[in-house]
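Work through the exercises below with the sequence and the coordinates open. Each task is followed by a solution in steps.

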Protein chains: 2
Amino acid sequence: MFNKKIDRISPYVPGISAESLKDRYPDCIKLASNENPWGPACSLADCAHVPIERYPDYTAHPLIHTLAKQLSVSPSQLILGNGSDELFQLIALATICPGDAILSSECTFSEYEFVAHITDASFVAAPLVNHTISIPNLIARITPHTKLIFIANPNNPTGTYVSHTAIEQLLENTPPHTLVVLDEAYAEYVTAPDYPRSMALVNQYPNLMVTRTFSKLYGLANLRVGYGIANPTIIQNLHKVRQPFNVNGLALECAYRSLSNHAFVQKTLTENTRGAAYLRDALARYNTHIPPSEANFLYIQFNDRSIDHLPDDLIRRGVIIRSMKRFGQTNAIRVTIGTSAQNERFIKELHACLTTP
Amino acid sequence: MFNKKIDRISPYVPGISAESLKDRYPDCIKLASNENPWGPACSLADCAHVPIERYPDYTAHPLIHTLAKQLSVSPSQLILGNGSDELFQLIALATICPGDAILSSECTFSEYEFVAHITDASFVAAPLVNHTISIPNLIARITPHTKLIFIANPNNPTGTYVSHTAIEQLLENTPPHTLVVLDEAYAEYVTAPDYPRSMALVNQYPNLMVTRTFSKLYGLANLRVGYGIANPTIIQNLHKVRQPFNVNGLALECAYRSLSNHAFVQKTLTENTRGAAYLRDALARYNTHIPPSEANFLYIQFNDRSIDHLPDDLIRRGVIIRSMKRFGQTNAIRVTIGTSAQNERFIKELHACLTTP
């Protein structure tokens, strides 16, 4: 009955929720899914007027026009998804033909490989260099079958980024029938001056698509809303494979209201910078390597020990972080930058784990 | 860049929202999408505790266990979707191989044809008989390539249903590699005694899947949550192609709370029966044929006139109903059974439209 392609799919393992552990560890904290520790940019109470018995009206809602204005693009260059996850799936559904390949990197967001499997595309992973996506390694792997190139920028889980010039170099070396997808889920956290000016690139290259999300900076992960920016022809074709009610109406309204909460955005960014500095400083006493992160999380590699048991040990102390075992990294973890209290708690419990025999 | 299959897709045309017309027609009513006119079975205020900055935890949430208990099935027989729409897509993604066909009926829910297009399956539509899905017509069209058979029961837009015996007959004549999908979006409205006892059939036939939704009786269309019931092997395979955060956390919580609002359910069903009787009675003065409806809407066929302009005329009078033109029916409309006030308003405006030259 089933298509054999699904045998290749290994189920995604989400971060353990604090909810699911609350009976055993009532005071547990979750630093495992790069959520916003300061909550959402919009209160549910502000959306009480949304009629939840009505189907969402994707086109009449002001979200797309407001986003377009903020990004200085046309509304016809925008599409919304049930999280960025769904956008990656729409992109693959609209483009992949039998025999096509999806190119991305090793040690990156697992969703790109997932959409390769569900569309029966082959998946090619270019090696990182210094925990960073390598544009030369990607270019070297482009073939006539490469239909999509996915780049997480900054990269999840390593936190590193690829520069404007490097992305330009990739686009100059990509054939016109190959779509480059820049997944900028963490773009708003970036401070590096040479980070891609991706809206300019979208207007310059007809085979570039950029995706962003309300799940991170705006703290709406539970509502599921991401968006994509590309030229109108691409967007029009993606709309064809989109379910008519793919984004729920509360997500539309909360996302729209979040866009104007500048104070929340500023606070999140300031606290994220402060938290990153605190964690780096506190972790300096261990023999670790932490690649420079432009996002709201740190990739922490322990140079002198296996930390196989660390994720489980931390859970027993009420701290949920992310193991990097699924990437074959048994000496690394990924930790979301939390509130000051959460960061201190993590450091305290980490120290206990590392020093308890 | 794009797969040619998408050229076959004609975009879904959703019901026009009252929201989108409120400037021109402030008092307009929508009877076009079979939503619950009594609102949702759960207030958003009861879900204020849901942390919207956290990713939804699909498996830890009590919804699946509560549903399983209510349906007397095992939780391993259940899967949730971003509306039933997404479940149909997951079913097609998991099963369709090159050369496969999807079988369904003419004049039925358009989503089945949509998922055929996005998975590049051919789509075969069996003719209705007396506005009712014909099991003999379906059986006659099963070939070795038929991978999926979709049956809306009750059928949308005609409101008619197929009996337990008829579905049994279909299952007895369906090869084991062909999955029969019973879309029971309106099941809770049905009063016919010989409506399929589909949970019993699911336990008897390993190639049967049933889908239901919280969008209709429970009034949660804007939140997007549907569910599917089948044997655990099918469910396990569908989970493989499911995005990890496909259902948002507010939908999980509202659906869970709605299940225990028995008073709301009772009121909705009583008022629906009353409204259907009122509408039938009021429409008897025109020369119409209205097939018996087991759902929350009526399919109204005008025997003696073309009603090409009626949907637009009604909009100009502030009443949104659904044209049946996309099914090639220029003399029929579909109307959701509303509150008493809405039903009376519809009849009043309809009369004005039909009698104004």
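**Exercise 1: a residue and its surroundings**

Task: list the residues that Asp85(A) touches, leaving out those up to four places away in sequence.

Solution. The model is a predicted one. Under that exclusion, Asp85(A) touches Phe109(A), Glu111(A) and Arg224(A) in chain A, and Gln243(B), Pro244(B) and Phe245(B) in chain B. As for its location, Asp85(A) belongs to helix 3 of chain A, residues 84-95. Next, take its accessibility: the relative value is 7%. The cut-off for buried is under 20%, so Asp85(A) counts as buried. Finally, a distance within the chain: Pro26(A) is 59 residues from Asp85(A) in sequence, and their C-alpha atoms are 31 Å apart.

**Exercise 2: the relation between the chains**

Solution. Then compare the interface residues. Of those in chain A, 99% are also interface residues in chain B, so the copies meet through the same surface.

**Exercise 3: a strand and its partners**

Task: decide whether strand 10 of chain B is enclosed or open, and find its partners.

Solution. Strand 10 of chain B covers residues 297-302; six of the six are buried, so the strand is largely enclosed by the rest of the structure. In a regular strand, side chains alternate between the two faces of the sheet. Here, one side carries Phe297(B), Tyr299(B) and Gln301(B), the other Leu298(B), Ile300(B) and Phe302(B), and both faces are covered.

Now the pairing. Strand 9 of chain B (residues 288-289) is antiparallel to strand 10 and joined to it by two bridges. Strand 13 of chain B (residues 332-336) also runs antiparallel to strand 10, with five bridges. Gln301(B) has a counterpart in each: His289(B) stands opposite it, and Ala332(B) is its bridge partner in strand 13.

**Exercise 4: the whole chain**

Task: compare the radius of gyration of chain A with that of a compact globule.

Solution. The C-alpha trace spans about 60 × 50 × 50 Å along its principal axes. Of the residues of chain A, 64% count as buried. Its secondary structure consists of 12 helices and 13 strands.

Definitions and conventions
Residues are numbered from 1 along each chain as its sequence is written. Chains are lettered from A and ligands numbered from 1 in the order in which they are written. This is a predicted model: local features need pLDDT of at least 70, side-chain atom pairs count only at pLDDT 80 or more; totals for chains, interfaces and linings use all residues. Side-chain values use heavy atoms; hydrogens and water are left out. Buried means under 20% relative accessible area, exposed over 50%, partly exposed in between (1.4 Å probe, protein chains only). Helices (H or I, at least four residues) and strands (E, at least two) are DSSP runs, numbered from the N terminus. Two strands pair if DSSP finds at least two bridges between them. Contact means heavy atoms within 4.5 Å. The radius of gyration is taken over C-alpha atoms; the globule rule is 2.2 Å times the number of residues to the power 0.38.
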